[in-house]
Amino acid sequence: MAEPSVQPEAPPQGQVGHEHHHGHDHTAHQHDHHAHAEAGGATLPPGAHPSFMRTIQQRQRVKEKLSNVKHKIGVYSAKGGVGKTTVAINVAYTLKQKGFKVGLLDADIDCPNITMFLGMDDAKMEPVIPLKPLEKDGIVVASTAMLVDELKRPIIWRGPIVAKMIGDFLENTDWGELDYLVIDLPPGTSDSPLTIMQVLSLDGFIIVTNPQKIAGINSIRSGLMAKRLGAPVLGVVENMSSGQPSDKTMEVVKTLDTVLLGTVARDGKIAEMTDRGRTHVLEDAGISRQFQAIVDKILD
Ligand SMILES: Nc1ncnc2c1ncn2[C@@H]1O[C@H](COP(=O)(O)OP(=O)(O)OP(=O)(O)O)[C@@H](O)[C@H]1O
Ligand SMILES: [Mg+2]
């Protein structure tokens with residue numbers, strides 16, 4: 001068994017440093033240690049903390065890097081295992097089928113699953129800056145799993161490193177022109193999904209829930225958190241549904257003052273296709289119809 005690799009001591013919280021950038025010529029870097037520097041157009045007061053400056057400057061660079069992406073949509077839930085990755089992939093493919101240029105970002109750094117779901121486990125990005133997402137079925141896909149050699153070897157990322165890494169990853173990746181970038185967010189309401197949401201400044205969220213009561217409570221929590229970050233909740237998808245949305249799901253919709261985008265039925269074929277690395281909407285007309293309805297509602 002391979003030894004897990006452990007990250008070296010993490011920088012203090014929020015310190016999104018630039019020590020590991022390669023070959024950047026952004027002028028912002030030259031100001032890193034000057035509290036008076038320009039940060040995203042704003043002049044900060046003397047004495048502003050350098051880590052604060054770096055965070056703002058990195059956000060600005062990420063924003064520039066993603067300036068040709070028209071819509072950034074996060075797929076999120078507070079709870080793991082409810083179907084975020086499944087929904088993110090199928091929404092992305094359905095948007096592509098409608099003729100949009102689509103990218104798919106795996107922002108779940110601890111457990112990146114997108115490559116496995118798409119049957120591209122061994123696909124690796126050229127480790128040069130700028131990183132180029134890989135194409136699959138006409139969609140451009142990027143995941144940190146594409147930079148790591150041994151997928152099965154656990155990489156123990158400490159929280160602040162995750163936050164820093166997603167920023168570094170985003171500011172160094174060239175997506176080109178896209179109509180939609182669909183982002184598979186990590187679960188939880190902790191530091192890492194929070195930072196990713198802030199670094200990305202998403203245009204909207206899709207909240208994935210399932211019919212159970214506990215899922216409803218968690219979904220309300222995730223939705224409220226997303227709202228607090230200022231991104232609109234586009235709506236709720238009830239996954240593993242019996243067909244009719246549960247009372248709990250409708251309560252989530254009401255509490256978040258949003259809409260039900262649709263339901264995806266619990267269906268053994270979904271897990272089975274996932275295991276084979278096949279994309280549901282490409283292979284199953286019934287599943288495709290459910291995602292068509294969801295995407296139509298998103299585009300509404
Ligand atoms: N509607 C469904 N019916 C049956 N199985 C499903 C359905 N949706 C997802 N699954 C299966 O449930 C498992 C979890 O789904 P998925 O990985 O998409 O969830 P997740 O929210 O991304 O999980 P994580 O929090 O671990 O990232 C997968 O094996 C998937 O194939
Ligand atoms: Mg997932």
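Predicted model: local features only at pLDDT ≥ 70, side-chain atom pairs only at ≥ 80, totals over all residues.
Let's begin with strand 7, which covers residues 139-143. Of its 5 residues, 5 are buried, so the strand is largely enclosed by the rest of the structure. You can follow this on both faces: Ile 139, Val 141 and Ser 143 are buried on one side, and Val 140 and Ala 142 are buried on the other.

Next, look at what pairs with this strand. Strand 5, residues 102-106, runs parallel to strand 7 and is joined to it over 4 bridges. If you want a landmark in this pairing, find Leu 104, which stands opposite Val 141. Strand 6, residues 134-136, pairs with strand 7 in the antiparallel sense, over 3 bridges. Here Glu 135 stands opposite Val 140. Strand 6 and strand 7 form a hairpin with 2 residues between the strands, and in this hairpin Asp 137 takes a positive phi near 50°.

Helix 6 spans residues 213-228 and helix 7 spans residues 247-255; their axes come within 8 Å and cross at roughly 15°. Angles under 35 degrees count as roughly parallel, and the two helices are therefore roughly parallel to each other. The crossing of helix 6 past helix 7 is right-handed.

Which residues of helix 6 and helix 7 meet? From helix 6 come Lys 213, Ala 215, Gly 216, Ser 219, Ile 220 and Gly 223, and they meet Lys 248, Thr 249, Glu 251, Val 252 and Thr 255 of helix 7. Sorted by class, this contact has 3 nonpolar, 5 polar and 3 charged residues.

How values were computed
Residues numbered from 1 in each chain as written. Chains lettered and ligands numbered in written order. Axes fitted to C-alpha atoms, helices over the stretch in contact; angles between N-to-C directions. Parallel < 35°, antiparallel > 145°, perpendicular 65-115°, else oblique. Left-handed = near helix turned anticlockwise from the far one by under 90°. Contact = placed C-beta atoms within 7 Å. Nonpolar A, V, L, I, M, F, W, Y, C, P; charged D, E, K, R; others polar. Buried ≥ 20, exposed ≤ 12 C-beta atoms within 10 Å, placed from the backbone. Pairing = 2+ DSSP bridges.
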